[in-house]
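Have a look at the picture first, then follow along.

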Amino acid sequence: MSKPIPRPQVPMEERVITPGSTCQGCGAAMAARLTFKVIGPNIIRHGVPCCPDQTSMTPSTGSVFEGGGPCLTGTSRALKALGRTDIKAVAFFGDGGTYDIGLGGIMAAAQRNENVFVITKDNEAYMNTGGQHSGGSPKYAETATDPVGPASRGNPSNKFQAALAFAALGVPYLATASVAFPEDLMAKVKYAKDIIGFRMLLIATPCPVGWRFDPAKTIEVARAGVQSGLWPLYEIENGTTFKLNYKPKELKPITEYLKPQARFRHMTETEINEIQVATTKRWEKFLKADEANQVLL
Amino acid sequence: MGDYEVMVGNKACAVACKLARVKVAAAFPITPQTTITEYLAEIAASGEMPGFEFVNCEGELPAQVIVSSAARVGARSFTCTSGPGLLYMHHPMQETASGRVPIVMAVVHRGVKSMQPDHSDLMSQQWQGWLHLYVENAQEILDTIVMSYKIAEDKRVRLPVAVGYDGYVLSYTAEPVDIPDQAIIDGFLPPYKPPSSMFYDDPESGGGRRRGGGDGEDRDGNTAWKIHHSAAEGAETVIKEVFAEWNKLIGRKYGNGMVEEYRTDGADVVMTAMGTVAGSAAAAVDKLWKDGKKVGLVKVRSFLPFPRNDFKAIAKKVQAIGVFDRSIQPGMGGPVYHALRTTLYDEVHVPIAGFVGGLSGKEVKVDDFIKVGEKTLAYAKAKKADAHPIWV
């Protein structure tokens, strides 16, 4: 399991090219900055279509939207065939490229335990094309393709729980992180980088445009997500060992996370309560899993 | 010369990969390509090719992405498929070609309306920017796969090459095949080096492919297509050079690489054919000459680039051309027929007859080609061909 990097040990150098072409308050841009600070030079960055976050000062490659998993596989196998396993195949994909159109390929790469590191910046919709529904969209969120109307309450489906789904494949390392907890995020990047086999880091990266909140509040929104238990920070090793990295004495109510975001403003008290109950229940399960050091489904 | 071995077409293909020292292969099994994947897996398991990576992947689309990605990093890569598998690859094939990634792919023909062979699979990928070569026998598979790496990786080309051969009749038919010496092939085909390194510590590192850069720049959207088209067209020179070198080195000749002419000297008319049916067509030509009917055969080996220069020269020597297409685009017709008519329009005026047959594995017999030849002779006499398509 990772060990948080104390602030004085965070590298001063920046490895992304600024200014980028992101929107104000872009969570993904923050995730890119933190990730590439600690990941080191010996990587090949992989991209599939997504929001332009930050261009990193690394060699980079990419593929078709649905091709993230195979693209990483090809790089990793070529590096092995050429005797350059010191170089790591690293992905920096969005939630659509990971949980939705790209899911099959990434899951197959995980199932083969390819030596690749998937980093996902999760902003819970296709923000690059205007905020359409993805597998990462949470229940009741209004997206461009889950409009609220007399016959619709926004997104009808639950958010894809990628870490738990991938845990079932027994891959070496899975973790969640948030831009509001940078020491934890950087520690996980650093730790996962040198593990051999399939690694995945899912980063909560709020999107002020798509989630419709004040761009100055990105960190506050991300922090409320973690503190309310909606985006718990945890690690799973070999599909079995479980560790919660952030355990507040008491969870904050999910309204602290939902209220600043206009995508949830149509939610009724009953609906909010439904999500609150599910979140609390899931949190209790995570606490039990943490105590047992084991994944509990 | 090397060793002779009796092997099926699919094995000749796998042996060619070994000779070319392919580093990464990824494929998904589909009839009639399946046994290539088995032979490649056996080669990997035998340990006789240290460092060779064979990826048992989850489908053809990922297979295409894997080999394209591996080649960009610097590993010589190979994939293979058939019919529906090729259709599933459609999207990333465009990216492989646009990224100028020189991989080689065997397409073991399986029609899109049945499991039996015709050329509808590879013909459906004409706009993908690949080079399309069609071969006739197991020896030609082996030779062409090895040569295709040299063509694809030539800096004047840098395009992926698809080598098409008919499923079942060739993929699963055993023939004696000569395996050239590895040392000769190593001299012919040097190790692959990508145009720009993706290794952070390589001073020549170009950082690989950059995404996103350039959108919104003031640039001409036609440029990339112009370059792509001219590379594909210009591949004709490289194909001819490489086949000439192979002939010198190995002693086997396939015409000039673009087309292979058979008994066209002094012929009144010629027929064209691609793939295995060219063998039956050649047998028909012999019978026709025996009966005093001067019919030659042009085996089209390269469909993309289309052998325009060769056909312009051939057309000047004959009074009619009978094109045999083994696929048809509904609403348009036979692709070789149309490519040939376009080539000769305003250049050479001879009747061009467009025969279509052998679809979904329908057998094309020597007698069928005798009829094609006789009809073409009649069209020469009448100075006019029947309307296209003429079904065989």
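**Entry 1: a loop in chain A**

In which loop does Glu124(A) lie? I found Glu124(A) in the loop between strand E6 (116-122) and strand E7 (148-149) of chain A; helices (H or I, at least four residues) and strands (E, at least two) are DSSP runs, numbered from the N terminus. I looked up its phi too, and for Glu124(A) the value is near 65 degrees, which is positive in a residue other than glycine.

Some housekeeping before I go on. This is a predicted model, where local features need pLDDT of at least 70, side-chain atom pairs count only at pLDDT 80 or more, and totals for chains, interfaces and linings use all residues. Residues are numbered from 1 along each chain as its sequence is written, while chains are lettered from A and ligands numbered from 1 in the order in which they are written.

**Entry 2: chain A against chain B**

I looked up the contact of the chains: 31 residues of chain A are in contact with 33 residues of chain B (in contact: C-beta atoms, placed from the backbone, lie within 7 Å). On the side of chain A, strand E2 (43-47), strand E4 (60-62), helix H2 (68-81) and helix H4 (103-111) each give two or more residues. H2(A) gives the most, with 11 residues. By class I noted 13 nonpolar, 14 polar and 4 charged residues on this side; Ala, Val, Leu, Ile, Met, Phe, Trp, Tyr, Cys and Pro count as nonpolar, Asp, Glu, Lys and Arg as charged, and the others, Gly among them, as polar.

Where does H2(A) lie on chain B? I see H2(A) across strand E2 (24-27) and E3 of chain B, running at about 155 degrees to E3(B). For angles, axes are lines fitted to C-alpha atoms, for helices over the stretch in contact, and the values run from 0 to 180 degrees between N-to-C directions.

**Entry 3: the seven-strand sheet of chain B**

I traced an open sheet of 7 strands in the order E3-E2-E4-E5-E7-E6-E12 (chain B), with mixed pairing (two strands pair if DSSP finds at least two bridges between them). Strand E3 (53-56) and strand E12 (302-304) of chain B are at the edges, each with a single partner strand, so one side of each has no neighbour in the sheet. On average, neighbouring strands here are turned by 20 degrees against each other, direction ignored.

I then followed E12(B), which is joined to E6(B) by 2 bridges and runs antiparallel to it. Leu304(B) in E12(B) stands opposite His132(B). Leu304(B) is also joined to Pro305(B) by a cis peptide bond, with omega about 0 degrees, and Pro305(B) is placed in the loop between E12 and H11 of chain B.

**Entry 4**

E9(B) and strand E11 (residues 295-300) of chain B run antiparallel, joined by 4 bridges; Glu260(B) has Lys299(B) as its bridge partner in E11(B).

How do H10(B) and helix H13 (residues 366-382) of chain B cross? Their axes come within 8 Å and cross at roughly 60 degrees. That makes H10(B) oblique to H13(B) (under 35 degrees is roughly parallel, over 145 roughly antiparallel, 65 to 115 roughly perpendicular and the rest oblique). Among the residues making the contact are Ala284(B) of H10(B) and Phe369(B) of H13(B). I listed 7 nonpolar, 2 polar and 1 charged in this contact.

**Entry 4: the domains of chain B**

The assignment gives chain B domain 1 (3-194 + 235-247) and domain 2 (259-391), with bounds from an automatic or database domain assignment. I read 27 Å between their centres, taken over C-alpha atoms.

Key:
Contact = placed C-beta atoms within 7 Å.
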